[in-house]
Structure formats: C-alpha cells, structure tokens
Amino acid sequence: MMASIGLVGQHFLKFPGFEQSPAGFSVMGRGEGVLGFFGIFLLCALLELAWREEPGSDREPGNYGDPFGVNMYNDEMRMKELNNGRMAMISVLGIFAAEMATGKDAIQQFGF
C-alpha cells in the first residue's frame with residue numbers, strides 16, 4: 001500500500017539533490033536510482049538481520065496484537081487487510097506496466 005502511495009507522491013516530492021531525476025520506475029535506469037535502491041536494499045538487510053521473533057511465541061506473521069486497545073484484531077479485519085494489500089499490489093503492477101508502456105509516471109498518466 002505504501003508503494004502505490006509512493007509512486008504517486010514521488011511526482012510531487014523530491015529529496016534535495018534529486019530534483020532532476022525522473023519520477024517513477026524509469027529512475028532505475030539512472031545512477032541516482034540505482035544508488036537509492038542499493039541504499040534501501042542495505043537498510044532492509046540490516047533490519048532483517050536485527051529483527052528476531054520472540055522465542056516460544058505462537059503468534060502468526062502480521063499479528064502485532066492490539067497496541068491501541070481498539071479490540072479490532074479479528075478474522076474479519078485480517079481478511080480486509082489482506083484483500084486491501086492484494087489490491088495495492090495489483091495497483092503497483094498496473095502503475096509499473098502503464099509507465100513502461102507510455103514512459104509517463106503515475107500522475108502524468110492522468111494528463112497532469
């Protein structure tokens with residue numbers, strides 16, 4: 001879900017020093033895109049190595065309990081979250097496919 005928002009948001013928001021880089025998936029053909037991807041890859045690797053499951057825990061993946069005390073962790077909410085996540089993955093693939101076909105980023109697809 002964050003990826004689909006990120007693909008839309010990167011048209012408007014640029015990090016300092018990256019103002020001239022193209023928005024969208026086409027940045028991977030340039031040096032700053034590869035550098036950024038490599039940085040994110042290293043950060044993810046460090047987080048994966050540092051994160052450990054609690055020994056003896058019987059919780060399934062994605063079960064973070066009820067941190068805000070709203071008592072909404074039930075089967076219905078889990079299925080809604082799974083379905084929304086699946087729809088977001090399909091939308092990211094659609095944005096990538098449209099960008100590869102037209103060369104325009106997610107916002108430019110709408111004519112803006």
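Reader: Where is the place of Asn 71?
Author: Asn 71 sits in the loop between α2 and α3. Keep in mind that this is a predicted model.

Reader: What about its phi? I mean, what phi does Asn 71 have?
Author: Asn 71 has a positive phi of about 55°, although Asn 71 is not a glycine.

Reader: And is Asn 71 buried or exposed?
Author: Asn 71 counts as exposed, because its relative accessibility is 66% and the cut-off for exposed is over 50%.

Reader: Which residue takes a positive phi just after α3?
Author: That's Gly 103, with a positive phi of about 80°.

Reader: OK, on to the helices. How many residues does α3 have, and how far does α3 reach?
Author: α3 has 28 residues and reaches 41 Å from its first C-alpha to its last. That is close to the 40 Å expected at 1.5 Å a residue.

Reader: What about α2, how far apart are its end C-alpha atoms?
Author: The end C-alpha atoms of α2 are 29 Å apart. With 20 residues at 1.5 Å a residue, α2 should span 28 Å, so the two values agree.

Reader: Which are the buried residues of α3, then?
Author: They are Gly 85, Ala 88, Val 92, Ile 95 and Glu 99.

Reader: What do those buried residues of α3 pack against?
Author: The buried residues of α3 pack against α1.

Reader: How far apart are Gly 85 and Met 2?
Author: In sequence, Gly 85 and Met 2 are 83 residues apart. In space, they are 9.7 Å apart, C-alpha to C-alpha.

Reader: What is Glu 99 in contact with, leaving aside its neighbours within four places in sequence?
Author: Glu 99 is in contact with Ala 23, Gly 24, Phe 25, Ser 26, Lys 104, Asp 105 and Gln 109.

Reader: How many salt bridges does the count come to?
Author: The count comes to three. As background, side chains of opposite charge can pair when their charged atoms come close.

Reader: Which residue does Arg 30 form a salt bridge with?
Author: Arg 30 pairs with Glu 32, and the closest N and O atoms are 3.1 Å apart. Arg 30 is partly exposed, with a relative accessible area of 35%. Glu 32 is partly exposed as well, at 23%.

Reader: Which residue meets Arg 78 in a salt bridge?
Author: Asp 75 does, at 3.6 Å from N to O. Both lie in helix α3, three residues apart, about one turn of the helix. Arg 78 is partly exposed at 35%, whereas Asp 75 is exposed at 58%.

Reader: And what does Lys 80 form a salt bridge with?
Author: Lys 80 pairs with Glu 76, the closest N and O atoms being 3.4 Å apart. These two also lie in α3, four residues apart, about one turn of the helix. Lys 80 is partly exposed at 42%, and Glu 76 is exposed at 51%.

Reader: Changing topic: where does Ser 21 lie?
Author: Ser 21 lies in the loop between α1 and α2. Ser 21 counts as buried, at 9% relative accessibility. Leaving aside its neighbours within four places in sequence, Ser 21 is in contact with Lys 14, Val 27, Arg 30 and Glu 32.

Reader: Last one: which residues form the nonpolar patch on the surface?
Author: Phe 25, Met 28, Val 34, Phe 37, Phe 38, Phe 41, Leu 42 and Met 100 form that patch, with about 810 Å² of accessible area together. Helix α2 gives the largest share, five residues. Val 34 lies in α2 and counts as partly exposed, at 43% relative accessibility.

Note on methods: Residues numbered from 1 in each chain as written. Predicted model: local features only at pLDDT ≥ 70, side-chain atom pairs only at ≥ 80, totals over all residues. Heavy atoms only, no water. Patch = residues over 30% accessible without salt bridge, like charges linked within 9 Å, V, L, I, M, F, W, Y side chains within 5 Å. Areas by Shrake-Rupley, 256 points an atom, 1.4 Å probe, with all protein chains shown as cover. Salt bridge = Lys/Arg side-chain N within 4 Å of Asp/Glu carboxyl O. Buried < 20%, exposed > 50% of the residue type's maximum accessible area, 1.4 Å probe, protein only. Contact = heavy atoms within 4.5 Å. Expected span 1.5 Å × (residues − 1).
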